Amino acid sequence: MSNETRTKEKVDMDPKYILKLTLTLLITCVIVAGVLGFVNSITKDKIAAFNLEKTNTALSNVYQQASAPQFEETDVTDAMTAAASSFSATLKNVYKVTDGGSDAGYAVKIVAAGSQGDIEMVVGVDTDGAVTGVSIVKNSETSGIGTKVMGNLPLANGTPVLDQFIGKTTSDQPLKVGSNVDAISGATVSSKGVTKGVNGALAVVAAIG
């Protein structure tokens, strides 16, 4: 056995070498974790603020007919959560809406699966139980396809795809693409995702009573 081989084996088996290597890896991991934690602490507040801004915009969008809408978040009950789940949607928040001091209905922030991930949206429902509007808060749909739905582009008949839900009530349920809901060509899955969210929102408001 050559001297070079003996030296290599000695280095490989040297406890001091192993300890040094272990400490080096540990220190590296601690530094990386610290950097990631620092970056997260800086960005999480910005992300939260951006999401809040998008939510507030969406709330206003679904109650454009109101002159001075006010939104007050209410507690989410198990019945509301179950109502959303019955349409494969996840309830996030519920807001009681007033306009000039009078009840105007509810705004429901809800999530449903799209083609590339979750679609987070706000659905307005008035005191008659009819949808007042649908506005997207966050999504990851395919650019140029699913984003046509997210951006409320027009259907073949000229109606903006999200606006077709306005006026829909629980009596129209289940809302279903291909039956009483139209999809933008090539974006059927995205359209189905929004439809699940609207179905869920209507069910949530019905559960409130």
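Mentor: One term before anything else. Helices (H or I, at least four residues) and strands (E, at least two) are DSSP runs, and they are numbered from the N terminus. With that in hand, we can say that Ile110 is found in strand 3. Keep in mind that this is a predicted model.

Trainee: Okay. How many helices and strands are there in the protein?
Mentor: The protein has 5 helices and 5 strands. Along the sequence, the pattern reads α-α-β-α-β-β-β-β-α-α.

Trainee: What order do the strands take in the sheet?
Mentor: The order is 1-2-3-4-5, in an open sheet with antiparallel pairing.

Trainee: Which strands stand at the edges?
Mentor: Strand 1 (69-74) and strand 5 (131-138) do. Each has a single partner strand, so one side of each is left without a neighbour in the sheet. On average, neighbouring strands of this sheet are turned by 25° against each other, direction ignored.

Trainee: How many bridges join strand 2 to strand 3?
Mentor: 10 bridges, and the two strands run antiparallel. Look at Leu91: it stands opposite Ile110 in strand 3. The two strands form a hairpin with 2 residues between them. Gly100, in the turn, has a positive phi of about 65°.

Trainee: And strand 3 to strand 4, how many bridges there?
Mentor: 8 bridges, again antiparallel. Ala107 stands opposite Gly124 in strand 4. That hairpin has 4 residues between the strands, and Gly117 takes a positive phi near 150°.

Trainee: What about strand 4 and strand 5?
Mentor: Strand 4 (residues 118-125) and strand 5 pair over 6 bridges, in the antiparallel sense. Glu120 stands opposite Lys138 in strand 5.

Trainee: Back to Ile110. Buried or exposed?
Mentor: Ile110 counts as buried, because its relative accessibility is 0%. The cut-off for buried is under 20% relative accessible area. Strand 3 as a whole is mostly covered, with 9 of its 12 residues buried.

Trainee: What is Ile110 in contact with?
Mentor: Leaving aside neighbours within four places in sequence, its contacts include Ala84, Leu91, Met121, Val123, Gly197 and Gly200. Take Gly200. Ile110 and Gly200 are 90 residues apart in sequence, yet 7.6 Å apart in space, C-alpha to C-alpha.

Trainee: Which helices lie across the strands?
Mentor: Helix 3 (residues 78-85) lies across strand 2 (89-99) and strand 3 (102-113). Helix 3 runs at about 120° to strand 2. Then there is helix 5 (residues 188-208), which lies across strand 2, strand 3, strand 4 and strand 5. Helix 5 runs at about 140° to strand 3.

Trainee: New topic. Which residues touch the most other members of the largest nonpolar core?
Mentor: That core has 33 residues, and Met121, Val123, Val134, Val149, Phe165, Val194 and Val198 touch the most other members. Helix 3, strand 2, strand 3, strand 4, strand 5, helix 4 (146-150) and helix 5 each give two or more residues to this core. Helix 5 gives the most, with 6 residues.

Trainee: Why would nonpolar side chains be together like that?
Mentor: In soluble globular proteins, nonpolar side chains tend to be buried together.

Trainee: Pick one. What is Val198 in contact with?
Mentor: Leaving aside neighbours within four places in sequence, Val198 is in contact with Met121, Val123, Val131, Val134, Phe165 and Leu175. There is also a second, separate core of 11 residues, which includes Leu59, Val62, Tyr63 and Ala66.

Trainee: Last one. What share of the residues is buried?
Mentor: Buried residues make up 34% of the 209 residues in the protein. The protein exposes about 12,000 Å², and carbon and sulfur atoms supply 56% of it.

Key:
Residues numbered from 1 in each chain as written. Predicted model: local features only at pLDDT ≥ 70, side-chain atom pairs only at ≥ 80, totals over all residues. Heavy atoms only, no water. Pairing = 2+ DSSP bridges. Axes fitted to C-alpha atoms, helices over the stretch in contact; angles between N-to-C directions. Contact = heavy atoms within 4.5 Å. Core = buried A, V, L, I, M, F, W, Y, C linked by side-chain atoms within 4.5 Å. Buried < 20%, exposed > 50% of the residue type's maximum accessible area, 1.4 Å probe, protein only. Areas by Shrake-Rupley, 256 points an atom, 1.4 Å probe, with all protein chains shown as cover.
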